[in-house]
Each structure stands twice: as structure tokens, then as C-alpha cells.
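Have the structure open as you read, and follow along one region at a time.

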Amino acid sequence: MGQLEGVDWTVIILTCQYKDSVQAFQRELEVRQKREQIPTGTLLLAVEDPEVRVGSGGATLNALLVAAEHLSARAGFTGRDFPFDDCGRAFTCLPVENPQAPVEALVCNLDCLLDVMTHRLGPGSPPGMWVCSTDMLLSVPANPGINWNGFRGARVIALPGSPAYALNHGIYLTDSQGFVLDIYYQGTEAEIQRCVGPDGQVPLVSGVVFFSVETAEHLLATHVSPPLDACTYMGLDSGARPVQLSLFFDILLCMARNTSREVFLAGRPPEMGQGDMDVAGYLQGARAQLWRELRDQPLTMAYVPDGSYSYMTSSASEFLHNFTLPGVPRVQIIHSQVEEQQLLETGSSVVGCLLEGAVHLGPGSVIQHCHLQGPIHIGSGCFVSNLDTAQSEALRGLELQDLVLQGHHVQLPGSLGRAFTLVGRLDTWERQGAGTYLNMSWSEFFKKTGIRDWDLWDPDTSPTERHLLNARLFPVLHPSRAPGPQDMLWMLDPREDGGRALRAWRASWRLSWEQLQPHLDRAATLASRRGLFFLQAVQKARHVLETRQDLSLRPLIWAAVHEGCPGPLLAMLDQVAAGARDPGVAARALACVADVLGCMAEGQGGLRSGPAANPEWVRPFSFLECGDLAGGVKALAQERDKWLSRPALLVRAARHYEGAGQILIRQAVMTAQHFVSTEPVQFPAPGQWVVAECPARVDFSGGWSDTPPLAYELGGAVLGLAVRVDGRRPIGARARCILEPELWLAVGSRQDEKALKIVCRSLEDLQDYCQPHASGALLKAAFICSGIVDVRSELPLRQQLLQTFGGGFELHTWSELPHGSGLGTSSILAGAALAAVQRAAGWAMSTEALIHAVLHLEQVLTTGGGWQDQVGGLMPGIKVGRSRAQLPLKVEVEEITVPEGFVQKLNEHLLLVYTGKTRLARNLLQDVLRSWYARLPVVVHSAHSLVRQTEECTEAFRQGSLPLLGLYLTSYWEQKKLMAPGCEPLAVRRMMDVLAPYVHGQSLAGAGGGGFLYLLTKEPRQKEVVEAVLAKTEGLGNYSIHLVEVDIQGLSLRLVGSESST
């Protein structure tokens, strides 16, 4: 199922043989449009054939007329009765699963054909009408090599087949230029040999035809002329007598060059049986009209030598052969949950099922759309479909072999809606010949069961007209109970029960296969499949969550929402979240609920990212904050029910579920407090400043893997450098005690600047500490996280400060780097502020403890960052930080030893370019966390690659190889873009492109989106060269270039004398 650019269909028509199928099949088309298998603007029409026996040509003509009444048609599909699927060949589910599909769903033959037509055969064709049968399994290469230059008329698509296969099929005879000379059906040996190509194969009639606009208009013109008007609903509505036409042997054959008018008018399509001789004259009139309209239209053939074609016959053996992939040494389990997979033998296939307990399946057997409870033994050569748990009991104690057992949804007066059929794998559905039933002759069957021929056929039915299709075998109504498989299965082994089973069978109202077909409830069949699909899918999703598998549930979420089944999925997610012992499992389940709500909004209602502090959600959040997970999940679900009425409310509810997940993340990260400890030290002298100064950091590999929850679910590894910018350590804080029992806060861009001044005299002044954009929020959080202030205490701020410290504190922070620089400013600043206030309060903390304290502070601040920034800026030099996939969250740092002189060499080759673009990492962070919890394959793969490459990059530093480091740096930027699409502004891309010839590698710092670009240049001391290159490049904006060098000091603390405060 390709996702390439394909045909933008104007209209797709699915022709339906039975009137009661139209609404159900229309819904199936609309579901596929919601899945984005069909373009949004395509008109979808399920069209009833005007008469059951109008043939493929008549159905096509009627479909064309209906489309013309709406707009110009470009596609059509048709089908016939199929003994292995009540919804026909189009909706026969295939043993195919597409892991890359954006929406999880069973794959029907219709889906594969849509893909082939849209992405393989259709592209490149001129405007016109494609007609595609759904009677076959079709495989076409990505580029079939069809030349449309100079095309006019109609074109048939042919695929290769063996001469032996052609004995029972249609083939084309063409000339050297590809014009069709003749069409043979079940041709003679001589005719088949004339069609054999250089590859030894013959071009099979594949059921795919393209009509140019001109030819389609000629065909459409026939609908107003008798007797062809009888092929359309307009003709029938006018009282015309139905006529049966073949698309290939009536409509197309008259365009074949070797066809003469006399032979054409006298002939008849192979699908017309011997009993139709009385309509020969009527058909001749129809063919004459087709000859007049279409004879001058050229008919060409496009042969696809690498494609394959298999007609879906009524043979059970061929059906099982196609659906079990013989020769493939494995079991196919497709969109199914199987408890005991070891009981499925090699060469078997399970599609859309839920098998509980001991269900044994033999080789070459297929189970579809069944919910069974073992013990059940199904041997080889069987096809079992559409059974549920209520029928499991009837199968116990039996061993089925070479049988086809099916459940059917029916609409009959007095019926309970179900019927069951049983036939043999070797039985034929032909009307001619002696025939068999349950793989034995009729006489043997009668002898074995006690059934007599008059039970199955009327006495006036001649022996030559008695066959499986019209034998009244299948009970649909019992006097006292619902029909079940036991009504048929007793025939396999009639026991000495005094004839009770035979009498019950005779007492039932029975129908033949032919009589059953018009009463099949196809809407109920499709609804039943959908229900079972979601039942097993929800079980799979529960298993994925509880076992922490890296499998994305978003395709299932989209499917549940598009098909109106979100309820069971939401209930399961609530159960998993409430019962989870692992906070990662609970948080992921809540994130999945948010995804469901977001999908239900269908792209309306605003952005997914946004505030999550509505008062209505305070109660459920409070349960979570207190550690009552089950109570919190229950309260969340109760509140959720009030927010489902419109898209805007759904999106807001989704934000609050993500907010609930953030509470669980925060609690998980808070476990880092296990590794935070302080020691009492002497207080600084009165008025003495504690000054903390820090370098910035440059990340060389592994960023994003340090971000919770990745840091403790996947395990993180980041390689970073502490760096000075233009020779300066650009980040710092200073704190001191003051006599006033207040907190004086100041923020500036330099140590001697106080651009923002705040005085906190009460706890009220600190309440916005958890709002990152509030003035001084980080500084306020530093006092709270260091334990200097307790905002939940009943004691006023003034009293808290006087009792413990005898006064208040003054804290200044500064950063010489622009906001959103990508150099780790906010986390490093938090570390500097914590270190300064702790020391001013008489406590000392190791750098390792400070790293974990910053994690805690950023969760309190609700910015939710990882640990790489503080590791990079607080620890000196070149190092790797790592965290394991476990809680409590612990960060371990390893200093990297590099060759002598390499640090100086690195300094000469490193440059920073400020791009002039800024972006808050928080915006990117929310998107990445959402993608991680959804386990999008690209994000999961990229996250693993980030960790793996960090270890490889570490080795490159140990070797001192600049070219190798450059390769890793460029690769790292590609990984970042996969983690956070959209993090590369166009101006930055332009800048990187012009610098590429001069660098070993380059990357935006941090999360990307703007900030600083760092370069590893090929030549040393390249600042002037880079300035000259960028000066010549238009559209870059306000950039600047900076020198950078590795800092070997890290965080420094010093005490300095007092100075006046303002």
C-alpha cells in the first residue's frame, strides 16, 4: 500500500450487484476517504446495477451514466457472487498488514486495487475513465512503464500468464504496435500460441481498462439508444427489457482490429449461458449500436511483464492457496490476537480474529473474522469465517478437515439474523456435471446421512439441473432455537442418536446457496467485522501499553475515531492508566486519550498545544498530585464526558490530558531528588555576595534522549562541551543575605545590569513560580526548590525567613546570550541560581547533586526540560552524561579523555553563528513528547539512533578525529530534524548550504528552530572567511559570528565583598 503521489480522482464508483449493499458499500468508500486512501475532494458513489444480470459491460455503462449525471467519471468497479465472502471479492480481506499505514485497518482487495490504480497504473494517464474489476488479485510494479504519448481511444492493461492458465481465461492478440487484434476466451491451443510473447507468457485479460474522454463520450452516447438503454437505470425506469453485456467481449471486442462486423453481430459473450438463446436477437441489436459508436475508436494494450494476476475463482483450493502463501515457512497472523500461537501450524493464516484458549489450526487453513474460544481443532485445508464465541461449543470435539464453514448475517422474516453453511474444499460450484458435497458424491452423502434427494430439490427438478448451488441444504429458521453450526456439522459424523439431528434438520426452514444470496445482510456483515476488528485491536493496544512495546497506537486511534468506535478504546485506556504500576505506562495511556480526543476534533478546535489549568480540571489533577492514580483517572474520565460536544472543547480536553501526563512525568523526574544532598557550611559574611559563573554548552550528540520521559523509559546519552563564547562565561547568578525579611530579585543580560527588579514580601508574590513566562519565575522556583521558602506553609513569608535565616535574600541572575539561543541557558542559569542561593543560605551542594536539583526545579517550573544542559554547562570540558531506563532517575557523567593538544585544535576549528532566529524549546518539546508517547516509528528509531551514535561520537573524540566528528555532527542535525520536524527555518537552511563547503559538520544548538549554529570548520581560525561567505548571501537577517572555546572549569563559586543594593 504505497503512500506516493498518485491520481487525484474526480469520482470513484463502486457498482453493487444487490440493492441492499449500496448503503453499506457507500459507507466503506467514505471510511477509506477518511483514512486518506482516497483524496478528500473525490466524489464517491456506490451504484446499484440496474438489473442483476446486466453483465460487466452493462454495469460499466450504467456507472458511466450515473457519474455523468454528477460529473465526469474516472473510475469504476464491479463484482459477482463469491462463495468465500458475503460482501464479494472487493471486500475480501487479504492476509496483508501495512505497518506504515496512517490508519490501522483490515486490508481488502478493494484497498489493494485502489492503491494499484492510484499510485501505479493511474499516474501519467490523460483525463478519462479507468474501469477496474474487483474479481482478481493484482500486483503491479511501482513503475509499470506505460507510455501515454499520443494516446487516444481505449487501452487495456494485460499481465503475464502461462499458456496453461489461458485455457480457462481471456487473452489478447496484438500487433507489433500494441493494437489489439482479437480477444480470446478459453481459446484453442492454436489461438493461445498466437498470443505467446518472447517471454513465453501470454497477455491475460486483467479486468483493467482505460477510456479516453472521447471514447467514454462515445460509450455514454449509447445509453439513450435501444436496446442499450436497458443497461442503465433510466432505460429500466422507462420499461426497457434488460440486456446482458460484457465489457470485454461486447464493448471492447468491437474495437479489436481483426473483428469483422458480421462475426461480431452473430457472436455473444462467454458469460451468456445456453439458456439465453431467446435474447440473441435482442443482443444483436445492442452489438450493432456498439459497433456504430465505437468501431472507429482505437484499442491498444499495455503489457506489464513484471506484474501478476490471479482471478479469484470459486475454487476453495485456489482460494486457500492464494491466502496461505504456500512455500512461506511461517504463520500469518494479521490484525488478530491469538493466545496460543504455538498451536497455529506453518502455512496457516489468521485474519481479523480473536482466538482465546487452545485453538489449533492446521497447515493450509485460513480463519477470518472469528472470535473463538478453545479447545477447538481445525485441521488442514479448511476455511472458517464469521463465527463467534456462541458457536465455539459446536466445534469442540471435532477435527475439521478440508471443509469450508461460514457464518452469515441474513435478513429473513422471523429469522434471528444468522445462518451457517458447510461445504467441502473439493466441492465445485458448477452447474454442470455430477457434482459433490462435503468432498463426496451425492449418493455417498445420501447414504451416510440419511438425507434424500427430495429433501434438497423439488421432484420436478431434472437430475441434470440438480447441483450444489440450488440444493436446499442450509437451515435459516428452527421452530424452537436459533440456527447454529451444529445444524450442518452433524453431517460429518452422523451418530446413533435415533435420527434426532436428521429430524431437526428436516424440520427447519432451509435455503439453497442461490436462495440465500439475496437475503445476505452485508451491512451487518461489515459491522460485525468492524466490531471484531476493534475488539481484538483494543486487546492488542492494552498488551502494547502494559508490556511497554515501542509500537505506535496512533493508526488504531485514527481508525477508531474515523469509524465511530472511540468508546471501547477510551475505556481500555482508562483501565490501563488507573491500574498501571509504572508511571511511564500510565502517562502513555493518558497521552493516548489525548490523542483520541484530538483526533475526534478532526483538525478543528485550535492547536493541540496550549494551557491546561482550567478550574474544572483541578479536582482530577489534585488526585494525581496526591498519588491517587486510580481516583485521578476516574475523575479525569468524568470530566472528559462534559467536553465531547464540539471540537474546541475536545482540543481543550486533550490539552488537560497532556497536563495530567505532565504531572506523572513530574513525579517520575522528582525521583531525581534521591540524589540531591547538601552539607551545612559557614554562612557568608553579612552583605557578602556568592557569585556563581558558568559556561554555555554545545551538544555534539544524543540531545532529546535526556528529555523525560525518554531519559527513564529509553535511557539517555548526550555528549556535550562546556564552552566560553567570545572568551566569556556568559551565564551567572549572585546571591546574598539581607536584613529585610523579603526576597529581592533581579534579572539582567550582564552581571552589572538589573533590567527587571521584583520584591517578594508575601507568599502571594511567589504563587506564579510555576508559570515560566511570569516575571522572575525561575528565581522564585530556585528559592522554593532549595527549601528556603515553603509556599504551602501557613507561616507567612516574613516569618519563615526570620525564623530560619534572620532576614531575607537578594538574588540576581544574568545571561549574555539571547533568549532561545540553544546553548542551554535556562537550565544552566537555574543551576547557577540554585548554587548561589544554597551557598548564601549556608548549604553546599556537589555539582552531581546540583544536576539532579535542576531537574527538580524545571519540573516545578513546568518547563519540563532534560538534564543535558546542566551537565553540559555545570561540568567542565568534554563529557558524556547518561541515564538508565529506570527510576529513580539518576544522571551519571563521564569525562572524555582526548589526545594531548586536541582541545586547542578543537577551539581553532569551532565557530558559533547566531542565526537571529529564536524559538522556545518548550514548543518543540511538546511536539516531541506527543510523538514519543504515540511511539511514532520515526521518533522511536531516531531516539535509539541518538543514544547509539553518542557512544560512537565519544570514540571519535577519544581518537581526536575532526573529520569523523564533523560527520557525526551533520548526522546529529538530521536526527534532530526527524525528532522535531520544522526545527530548521528556511534562512538557517540557506546559511548551512552556503557554509557546507567550508565545514566538516554543522548543527543548530539544542532543540533547533533558531538560536546558535555551531560549525566545525575544515581549516583553523575561519571567522573572517565565514563572515565573508555569509555577507555575500541574501536573506539571512541579523546574524553574528562568535568565537568559541572549550571551558575546562565548569561552574565556579566565589565570595566577594559587599556592595550597595538597589
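## Two helices side by side

In this predicted model, helix α21 (residues 583-600) packs with helix α23 (residues 629-640) at an angle of about 5 degrees, and their axes are 12 Å apart. Angles under 35 degrees count as roughly parallel, and α21 and α23 are therefore roughly parallel to each other.

## A look at the cavities

Searching the whole structure turns up seven cavities of 30 Å³ or more. The second largest cavity has a volume of about 160 Å³ and is lined by 13 residues. To find its centre on your screen, look for E28, R35, L106, R530 and E563, which lie nearest to it.

Which elements give two or more residues to this lining? They are α1 (22-34) and α18 (522-546), with α18 supplying the largest share, five residues. The lining of the second largest cavity is made up of seven nonpolar, no polar and six charged residues.

## Regions named in UniProt

The record lists "GHMP kinase N-terminal" at residues 801-872. In the model, that stretch is 56% helix and 14% strand, and its end C-alpha atoms are 33 Å apart.

The record also places "GHMP kinase C-terminal" at residues 955-1029. Here the chain is 53% helix and 16% strand, with 32 Å between the end C-alpha atoms.

## Backbone spots worth a visit

Most residues other than glycine have a negative phi, and most peptide bonds are trans. With that in mind, here are some places to check in the backbone.

A cis peptide bond joins G374 and P375, with omega about 10 degrees. P375 sits in the loop between β18 (371-373) and β19 (376-378). The bond from L887 to P888 is also cis, with omega near 0 degrees; look for P888 in the loop between β37 (878-883) and β38 (891-895).

Finally, Q186 is not a glycine, yet its phi is positive, about 50 degrees. You will find Q186 in the loop that lies between β8 (180-185) and α5 (189-195).

Technical notes
Residues are numbered from 1 along each chain as its sequence is written. This is a predicted model: local features need pLDDT of at least 70, side-chain atom pairs count only at pLDDT 80 or more; totals for chains, interfaces and linings use all residues. Side-chain values use heavy atoms; hydrogens and water are left out. Axes are lines fitted to C-alpha atoms, for helices over the stretch in contact, and angles run from 0 to 180 degrees between N-to-C directions. Helices (H or I, at least four residues) and strands (E, at least two) are DSSP runs, numbered from the N terminus. Angles under 35 degrees count as roughly parallel, over 145 as roughly antiparallel, 65 to 115 as roughly perpendicular and the rest as oblique. UniProt positions are given in the numbering used here, feature names are shortened, and annotations may be inferred rather than shown by experiment. On a 1 Å grid over the protein atoms alone, a cavity is a set of points where a 1.4 Å probe fits but cannot get out, and a pocket is an open set with protein on both sides within 12 Å along at least five of seven lines; lining residues have an atom within 4 Å of a point. Grid points are joined across faces, edges and corners, and a volume is the space filled by probe spheres set on the points. Ala, Val, Leu, Ile, Met, Phe, Trp, Tyr, Cys and Pro count as nonpolar, Asp, Glu, Lys and Arg as charged, and the others, Gly among them, as polar.
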